[in-house]
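Subject: Structure handover

Hello,

Please find the structure below, with its sequence. My notes on it come after.

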Amino acid sequence: MSALLETIARVRREVCELHAELTRYDLVVWTAGNVSGRIPGYDLMVIKPSGLSYDALTPEAMVVTDLYGTPVSSLSADADGVPAQWENPDLSPSSDTAAHAYVYRNMPDVGGVVHTHSTYATAWAARGEEIPCVLTMMGDEFGGPIPVGPFALIGDDSIGRGIVETLRGSNSPAVLMQNHGPFTIGKDARSAVKAAVMCEEVARTVHISRQLGEPLPIDQGQIESLYDRYQNVYGR
């Protein structure tokens, strides 16, 4: 098997398995939400098909597209010069594919993108309000508040543009797209899923805190210290 086929098979398997984490942490309902992963070394990505139930997902059902969201089934040759062919399912890629593809085209370090309509994070998005950094967990994971991106409709790369514009220059791997919901990015698909899980957790906690009173802010210097330690020292 060529290097490209092996890589596609691996990313398809990973992306398929990671969708189970979205249901495990109650981040999605019905068929909403999606995970995608970049094919390292190629201008390709793998994403969940549109409208397929989570319990019906298989690695073979994951759709391979180029970085403009167009499904592709073969290339003339892989990096080793070996002809490479694979089968795409007779399914359409997610309706959010254009947004994911735009992120990959414009943020080359991103290897995974996730979208959910998780309840608490989406509630913040409906208000068009960023989640303030009032938890050490947020300092660790997000390096500051979780920002709000502009209102945009599905159908073209408008959502992707909003994601990129908002997250460029931000430590946060999560953005709350106004009136829509959270999108998260990561170095790979698993990292993006972790960011989605943590985004919903802090959205819920800060919401509850505000019901009890005004949360206490964390000094910006302390936030920077938390983020640097967690990202560069903790667990290394």
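This is a predicted model: local features need pLDDT of at least 70, side-chain atom pairs count only at pLDDT 80 or more; totals for chains, interfaces and linings use all residues.

Residues are numbered from 1 along each chain as its sequence is written, and side-chain values use heavy atoms, with hydrogens and water left out. Helices (H or I, at least four residues) and strands (E, at least two) are DSSP runs, numbered from the N terminus.

Helix packing

Two packed helices are described by the angle between their axes and the distance between the axes. The axes are lines fitted to C-alpha atoms, for helices over the stretch in contact, and the angles run from 0 to 180 degrees between N-to-C directions. Angles under 35 degrees count as roughly parallel, over 145 as roughly antiparallel, 65 to 115 as roughly perpendicular and the rest as oblique.

Helix 3 (residues 119–127) packs against helix 6 (residues 189–212) at about 70°, and their axes are 7 Å apart. Helix 3 is therefore roughly perpendicular to helix 6. Their crossing is left-handed (the near helix is turned anticlockwise from the far one by less than a right angle; clockwise would be right-handed). On the helix 3 side, the contact (heavy atoms within 4.5 Å) is made by Thr119, Tyr120, Ala121, Trp124 and Arg127, and on the helix 6 side by Cys199, Glu200, Ala203, Arg204, Val206, His207 and Arg210. By class, the contact of helix 3 with helix 6 has 6 nonpolar, 2 polar and 4 charged residues. Here Ala, Val, Leu, Ile, Met, Phe, Trp, Tyr, Cys and Pro count as nonpolar, Asp, Glu, Lys and Arg as charged, and the others, Gly among them, as polar.

Helix 6 also packs with helix 1, at an angle of about 5° and with the axes 10 Å apart. Helix 1 and helix 6 are therefore roughly parallel to each other. Leu18, Glu21 and Leu22 of helix 1 meet Ala189, Arg190 and Val193 of helix 6. The residues of this contact divide into 4 nonpolar, no polar and 2 charged.

For helix 2 and helix 5, the angle is about 40° and the axes are 7 Å apart. Helix 2 is therefore oblique to helix 5. Helix 2 passes helix 5 in a right-handed crossing. The contact consists of Ala99, Tyr102, Val103 and Asn106 from helix 2, with Ile159, Gly160, Arg161, Ile163 and Val164 from helix 5. Its residues by class are 6 nonpolar, 2 polar and 1 charged.

An enclosed helix

Helix 2 is largely enclosed by the rest of the structure, because 7 of its 10 residues are buried (under 20% relative accessible area; exposed is over 50% and partly exposed in between, with a 1.4 Å probe and protein chains only). The buried residues are Thr97, Ala99, His100, Ala101, Tyr102, Val103 and Tyr104. What covers them includes strand 1, strand 2 (44–47), strand 3 (63–66), strand 6, helix 5 (158–167) and strand 9 (181–186).

Two loop positions

Gly111 lies in the loop between helix 2 (97–106) and strand 6 (112–115). Gly111 is buried, at 12% relative accessibility. Gly111 and Gly186 are 75 residues apart along the chain, with 6.0 Å between their C-alpha atoms.

Lys187 is in the loop between strand 9 and helix 6. Lys187 is exposed, with a relative accessible area of 66%. Leaving out residues up to four places away in sequence, Lys187 touches Asp109, Gly111 and Gly112.

Cysteines

How many disulfides does the structure hold? There are 0 disulfides (a disulfide is a pair of cysteine sulfur atoms within 2.5 Å). The closest cysteine sulfur to that of Cys133 is in Cys199, 13 Å away, too far for a bond. Cys133 is buried at 8% relative accessibility, and Cys199 is buried at 1%.

Positive phi

Most residues other than glycine have a negative phi. Asp26 has a positive phi near 55°, and Trp30 has a positive phi of about 55°. Asp26 is in the loop between helix 1 (3–24) and strand 1 (34–39), and Trp30 lies in the loop between helix 1 and strand 1. Asp26 is exposed at 61% relative accessibility, and Trp30 is exposed at 78%.

Regards
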